[in-house]
Amino acid sequence: DLFLHDSNHSYEHMMFEFRAVWPHLSTGGILFADDINWNNALSDFSKEVDRTPIMLSRDASSNGKFGFIIK
């Protein structure tokens, strides 16, 4: 399974989507989010579900970051 968040990037909206989709992901499924540097939603949600997020940048000059957690 793969869930990709790339819509409203407010903290509240991201947390809503993460919490809504997480129970429906299979073990080994991936929750992926774009522009995670805009707020701490991915980090905070990862703590809630006891996972370690993997965070990456597009390139060294880019402010856009993305990350994911594996269920």
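This is a predicted model: local features need pLDDT of at least 70, side-chain atom pairs count only at pLDDT 80 or more; totals for chains, interfaces and linings use all residues.
Begin by selecting the strands. Four of them, in the order β1-β2-β4-β3, form an open sheet with mixed pairing. The edges belong to β1 and β3, each of which pairs on one side only. On average, neighbouring strands of this sheet are turned by 15° against each other, direction ignored. Helix α1 packs on the sheet, where it touches β1 and β2, and its direction makes about 170° with that of β1.

Next, display β2 and β4 together. These two strands pair in the antiparallel sense over 5 bridges. Select Asp34 and look across to β4: the residue opposite is Phe66. Then move to β3 (residues 54-57), which runs antiparallel to β4 and is joined to it by 4 bridges. Leu56 also stands opposite Phe66 in β4.

Select His5, in strand β1 (residues 2-5). Is His5 buried or exposed? Its relative accessibility is 0%, so His5 counts as buried. Show the surroundings of His5, setting aside neighbours within four places in sequence. The residues in contact with His5 are then His13, Met14, Glu17, Phe18, Phe32, Ala33 and Asp34.

Now select Phe3 and apply the same exclusion of neighbours within four places. Phe3 is in contact with Glu17, Phe18, Val21, Leu25, Ile30, Leu31 and Phe32.

**Helix α1: Met14**

Proceed to Met14, which has its place in helix α1. Met14 is buried, because its relative accessible area is 0%. Beyond neighbours within four places in sequence, Met14 is in contact with His5, Asn8, His9, Ala33, Asp34, Asn39 and Ala41. For a distance check, select the C-alpha atoms of Met14 and Ile30: they are 15 Å apart in space, while the two residues are 16 apart in sequence.

**Helix α2**

Select helix α2 (residues 41-48), whose buried residues are Ala41, Leu42, Phe45 and Ser46. Why do these residues lie on the same side of α2? The arc they cover around the axis is only 130°, and therefore they share one side of the helix.

With the strands still displayed, follow the course of the helix. α2 lies across β2, β3 and β4, and runs at about 10° to β4. Asp50 follows α2, and the phi of Asp50 is positive, near 55°.

**The nonpolar core**

The largest nonpolar core has 15 residues. Those that touch the most other members are Phe3, Phe18, Trp22, Leu31, Leu42, Phe45 and Ile69. Two or more residues of this core come from each of α1, β2 and α2. Which element gives the most to this core? The element is α1, with 4 residues.

**The aromatic rings**

Keep Phe18, Trp22 and Phe45 displayed: these residues form one aromatic cluster. Each of them is also listed among the core residues that touch the most other members.

Finally, turn to the aromatic pairs, which number 4 in this model. Select Phe32 and Phe68, a stacked pair at 6.4 Å centre to centre with 10° between the planes. The pair links distant parts of the chain, since Phe32 lies in strand β2 and Phe68 in strand β4, 36 residues apart. The exposure of the two residues may then be examined. With the limit for a buried residue set at under 20% relative accessible area, Phe68 is buried because its value is 17%. Phe32, at 23% relative accessibility, therefore counts as partly exposed.

Technical notes. Residues are numbered from 1 along each chain as its sequence is written. Side-chain values use heavy atoms; hydrogens and water are left out. Buried means under 20% relative accessible area, exposed over 50%, partly exposed in between (1.4 Å probe, protein chains only). The arc is that of the directions from the helix axis to the C-beta atoms. Contact means heavy atoms within 4.5 Å. Two strands pair if DSSP finds at least two bridges between them. A nonpolar core is a set of buried Ala, Val, Leu, Ile, Met, Phe, Trp, Tyr and Cys residues joined through side-chain atoms within 4.5 Å. Axes are lines fitted to C-alpha atoms, for helices over the stretch in contact, and angles run from 0 to 180 degrees between N-to-C directions. Rings of Phe, Tyr and Trp (its six-membered ring) pair if their centres lie within 6.5 Å; planes under 30 degrees apart count as stacked, over 60 as edge-to-face and the rest as tilted.
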